[in-house]
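Please open the structure in your viewer and keep the selection tool at hand. We will go from the whole chain to single side chains, one stop at a time.

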Amino acid sequence: MMLKLTRHRLSIALTLPLLGVMWLLFGWNAWNGDRDGYELYYTREISEWGVEVGYGYLNVLGNQLGLGFQAFQIAFAALTLGLLWRYLLVQTRAPFLSLLMYALCFFALDYVLLRNFLAFVIILQALVCLFRGGLGGRFMYVLLILLATTVHQSSFVYLALVIVPLQRAYNIWRFLFCLLAFYTVYVLGRNYLPLPASVSAHFDYYSVSLKSSLFSVCVHALSVLLMGLVVVCERRDILRLRAATLREREMVFVLNINLLSLFFAVLYFESEIFIRLLRTLVFINMLYCVNALVLVRRTYFFIFAYLLLFSAFLFLYFIWPTAELSLQPLFFRNLILG
């Protein structure tokens with residue numbers, strides 16, 4: 001027991017220098033693909049932010065405090081990385097490995113997408129509340145998701161997760177019936193009920209093709225399938241289990257979130273922006289896999305398969321295509337590094 005405690009404290013201590021490096025790279029970055037746009041928007045009036053007034057008020061506050069955009073970015077980096085670190089300390093058994101995984105697979109794009117990154121770390125705090133359960137936990141989850149929506153409006157769809165069960169996994173046959181019924185109603189409804197003009201215009205900004213939509217659906221389905229195998233290999237009776245221990249609740253929680261996420265698949269046909277939902281799901285799953293590495297299990301095959309496959313997916317699909325606008329500026333357009 002003492003050995004495990006010592007290792008956990010060492011893991012927490014090792015996160016600090018890595019977090020410091022990430023703060024330096026993020027906060028003192030001088031240019032990236034979205035930097036000019038965010039700097040231009042920094043002087044906007046609050047009335048111009050529409051629904052996303054949460055991020056707008058941060059900009060207004062920074063201006064009122066007399067901060068230039070670079071100083072605002074340094075403070076913003078501290079806020080977002082601090083919230084990410086809090087989540088890792090609360091939810092992970094290996095904080096350093098978890099942060100390292102995030103740094104390698106997610107950070108190079110997140111530091112560019114300021115609004116999305118802030119909404120993402122707020123959603124993580126919401127998931128902590130949801131996992132605690134009870135009416136209070138679910139109420140706080142809803143409030144935090146609404147807060148995240150004022151930063152990035154796509155966060156609104158996460159409200160659907162408020163119904164996720166914490167004690168038992170979904171009955172697969174009932175779930176599949178509901179899923180197919182939902183897909184049918186959605187497809188029929190979209191043919192007769194057009195989206196509001198403002199929503200449609202926002203979706204059109206992130207154009208989507210049938211090929212990319214089908215690819216996203218297939219990757220999402222593969223992610224859910226692999227995570228199901230990861231969980232089932234640890235507890236083969238997970239579909240009949242009533243969770244009693246913390247670990248059992250973790251397994252039920254991640255399995256149900258993956259299953260419920262399949263309802264989001266229709267959104268990939270609406271706009272390219274919803275690929276970020278898959279990215280968030282992959283983060284939750286990879287974090288679960290990193291946690292599982294420190295446990296005694298029957299097999300680690302599907303854990304390593306998920307980590308390797310989706311690390312490659314994140315790099316090849318998100319990071320490599322935008323490397324000149326994200327990865328390269330992270331290291332070569334820094335005010336301190338020169």
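The tour below starts with the overall view and then moves through a few selections.

**Before you click**

This is a predicted model, in which local features need pLDDT of at least 70 and side-chain atom pairs count only at pLDDT 80 or more, while totals for chains, interfaces and linings use all residues. Residues are numbered from 1 along each chain as its sequence is written, and side-chain values use heavy atoms, with hydrogens and water left out.

**The whole protein**

Show the cartoon: you will find 15 helices and zero strands (DSSP runs numbered from the N terminus, H or I of at least four residues for helices, E of at least two for strands). The radius of gyration is 20 Å, close to the 20 Å that the globule rule gives for 338 residues, so the protein is as compact as a globular protein of that length (the radius is taken over C-alpha atoms, and the rule is 2.2 Å times the number of residues to the power 0.38).

Of the 338 residues, 49% count as buried (under 20% relative accessible area; exposed is over 50% and partly exposed in between, with a 1.4 Å probe and protein chains only).

**Into the core**

Select F283 and M286. Of the 107 residues in the largest nonpolar core, these two touch the most other members (such a core is a set of buried Ala, Val, Leu, Ile, Met, Phe, Trp, Tyr and Cys residues joined through side-chain atoms within 4.5 Å). Helix α7, residues 114-132, gives the most to this core, with 15 residues. Leaving aside neighbours within four places in sequence, F283 is in contact with L84, Y87, M101, Y102, F106, F120 and L124 (heavy atoms within 4.5 Å).

**Charged pairs**

Side chains of opposite charge can pair when their charged atoms come close. The whole structure holds ten salt bridges (a side-chain nitrogen of Lys or Arg within 4 Å of a carboxyl oxygen of Asp or Glu).

Which residue does D110 meet in a salt bridge? Select R279: its side chain and that of D110 meet at 2.7 Å, N to O. D110 lies in helix α6 (107-110) and R279 in helix α13 (275-293), so the pair ties together parts that are 169 residues apart in sequence. D110 is buried at 1% relative accessible area, and R279 is buried at 7%.

Next, pick R35 and E39, whose side chains form a salt bridge of 3.4 Å, N to O. Both sit in helix α2 (35-41), four residues apart, about one helical turn. R35 is buried at 7% relative accessibility, whereas E39 is partly exposed at 37%.

**Out to the surface**

Select F139, M140, L143, L146 and F156. Together they form a nonpolar surface patch with about 470 Å² of accessible area (patch residues have over 30% relative accessible area and no salt bridge; like charges are joined within 9 Å, nonpolar side chains, namely Val, Leu, Ile, Met, Phe, Trp and Tyr, within 5 Å). L143 belongs to helix α8 (134-149) and is partly exposed at 38%.

Finish at R240, in the loop between α11 (210-234) and α12 (246-261). R240 is exposed, at 65% relative accessible area.

Technical notes:
Areas by Shrake-Rupley, 256 points an atom, 1.4 Å probe, with all protein chains shown as cover.
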